[in-house]
Amino acid sequence: MSIPIIQQNKSDIKITRIGHSRLNNIDMENVGFGKVFSDHMFICHYENGEWQTPEIVPYGKIPLSPSFSAIHYGQAIFEGMKAYRGDNDEVLLFRPEENWKRMNHSASRLSMPEIPKSLFIDGLKALIDLDKAWIPQNDKGQLYIRPHMFATDEFIGVKASESYTFVIFTCPVSFYYKNPVKLLATKEYTRAAIGGMGNAKAAGNYAASLFPDKLAKNQGYDNVLWLDARLHQYIEECGTMNVFFVIDDVVVTPLPTGTILGGVTRDSVIKLLKDSYNTLGLNGIEIRRVSIYEIQDAYMQGTLREAFGTGTAATIAPIAKIGFGGKDMNLPEERPVSSWLYKQLYGIQTGKIYDPYEWVIML
Ligand code: COI
């Protein structure tokens, strides 16, 4: 039996290495999404008002008490980010500070402690450095990074926990959606209301989506396209991704009103489009309320040219079909805007295309 090597590194992360890497047993050509986990995880506890010494340990189970408050009252938040392998084998991260900021936005909305920048960024860098061999080669995928935090007070009673655990693990992934996505817009269920926590990356938002998503899947769609909770007509997001529409020669994306997740990919796509809409033969990008009826009208008039989703997992995901009110809108198979965005963004993320925004950092 091999003995784990324990080392204390300069950023004071206590590292316990796995004895034997599991990497050789993994078929990296067929990792799918979210099923295969790399060798190590980063873990840090928050107790007595302070973050304790962070550790990197072999990926594995975390002891769980049935009275952990996260399980009962839902104080659980997460992030999604990716590490990319460049052409010269360098490891590249895309806008990691944005994920750190959003994690703390979610933490504050759920009354959880903020995570210091150094804990988040140094922790994930040290973890990825240790498991960089898990980043798929030859553009076959990326290393998905899942920072998350949950409440660990053993207490029954509704109040913010006083103790928490912050964990980062990683997994090699390929596409989240293998095919263009089919969405169902419904008036029956809503994801988030104004004043709620729709713009936090909270586990509860995803739990609330599962039953309506199941109903959509039973009808042959992949996910729900959420509408606003008051008038049931303004498009919000898809839960797994933000959404964009190309109507005539303008790109339109919903205005965030506190109910939509502020996607890092969404923000990057808006910046890319603002700088390049001319070269794509477009007339601009509009961030505004967009009603499902406007989308239906554009479809009827033949001006709905494209729809696509954006997200770390979803990347730039073309939308093939949108169902609403018992009718389907089948979108064109030619998708010049989303194809360009995919190539441009992925090119920047992997260092193949010049990054004028300084979004990419090398590990
Ligand atoms: C991500 O895009 O990283 C997410 O967290 C969405 C989830 C559907 C995987």
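Domain bounds are taken from an automatic or database domain assignment. For this protein the assignment gives domain 1 (5-173) and domain 2 (181-351). Their C-alpha centres lie 28 Å apart. The contact between them (heavy atoms within 4.5 Å) takes 25 residues from domain 1 and 24 residues from domain 2.

The model is predicted: local features need pLDDT of at least 70, side-chain atom pairs count only at pLDDT 80 or more, and totals for chains, interfaces and linings use all residues. Residues are numbered from 1 along each chain as its sequence is written, and side-chain values use heavy atoms, with hydrogens and water left out.

Around the ligand (a heavy atom within 4 Å) are Phe-78, Gly-80, Tyr-144, Arg-146, Tyr-176, Lys-201, Thr-240, Thr-312 and Ala-313. Each of domain 1 (5-173) and domain 2 (181-351) supplies at least three residues of this shell. By class, the shell has four nonpolar, three polar and two charged residues, where Ala, Val, Leu, Ile, Met, Phe, Trp, Tyr, Cys and Pro count as nonpolar, Asp, Glu, Lys and Arg as charged, and the others, Gly among them, as polar.

Polar contacts are pairs of N or O atoms within 3.5 Å.

| Residue | Part of residue | Distance to a ligand oxygen |
|---|---|---|
| Tyr-144 | polar side-chain atom | 2.4 Å |
| Lys-201 | side-chain N or O atom | 2.8 Å |
| Thr-312 | polar backbone atom | 3.4 Å |

On its own the ligand has 290 Å² of accessible area, of which the protein covers 90% (Shrake-Rupley method, 1.4 Å probe).

Note on methods. A polar contact is a pair of N or O atoms within 3.5 Å; within protein, one must be able to donate a hydrogen and the other to accept it, and residues adjacent in sequence count only if both atoms are side-chain atoms.
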